[in-house]
Amino acid sequence: VVPSDSYVSVKIYNIVGQEVATLQDGFMAENFNGYTLNWNASNLASGVYFVQAVTAGSISTEKITLLK
């Protein structure tokens, strides 16, 4: 969900904090229904990763588990 037109950054980090993927890095229009972003993790190992979404005035981080 993007509450207002703004810059949006969505990145994936591994357990030691290294950035492994960028899913979005730029302007996105307001959308209360949400956007769908796809992550191709075929070159990464199974394990714990973190998704961090940054918008104007908001930072959200979620822990995810990649199973292959």
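Colleague: Is tyrosine 49 buried or exposed in this model?

Modeller: This is a predicted model, where local features need pLDDT of at least 70, side-chain atom pairs count only at pLDDT 80 or more, and totals for chains, interfaces and linings use all residues. Residues are numbered from 1 along each chain as its sequence is written, and side-chain values use heavy atoms, with hydrogens and water left out. Buried means under 20% relative accessible area, exposed over 50%, and partly exposed in between (1.4 Å probe, protein chains only). Tyrosine 49 has a relative accessible area of 7%, so call it buried.

Colleague: Which residue forms an aromatic pair with tyrosine 49?

Modeller: Rings of Phe, Tyr and Trp (its six-membered ring) pair if their centres lie within 6.5 Å; planes under 30 degrees apart are stacked, over 60 edge-to-face, the rest tilted. The count comes to one aromatic pair. That pair is edge-to-face, at 5.5 Å centre to centre with 70° between the planes, and the partner of tyrosine 49 is tryptophan 39.

Colleague: How many residues apart in sequence are the parts that this pair ties together?

Modeller: Tryptophan 39 sits in the loop between strand E2 (19-28) and E3, while tyrosine 49 is in strand E3. Strands (E, at least two residues) are DSSP runs, numbered from the N terminus. The pair therefore ties together parts separated in sequence by 10 residues.

Colleague: Which side chain meets lysine 11 in a salt bridge?

Modeller: A salt bridge needs a side-chain nitrogen of Lys or Arg within 4 Å of a carboxyl oxygen of Asp or Glu. The structure holds one. Its N to O distance is 3.6 Å, and the partner of lysine 11 is glutamate 19.

Definitions and conventions:
Helix = DSSP H or I, 4+ residues; strand = E, 2+ residues; numbered from the N terminus.
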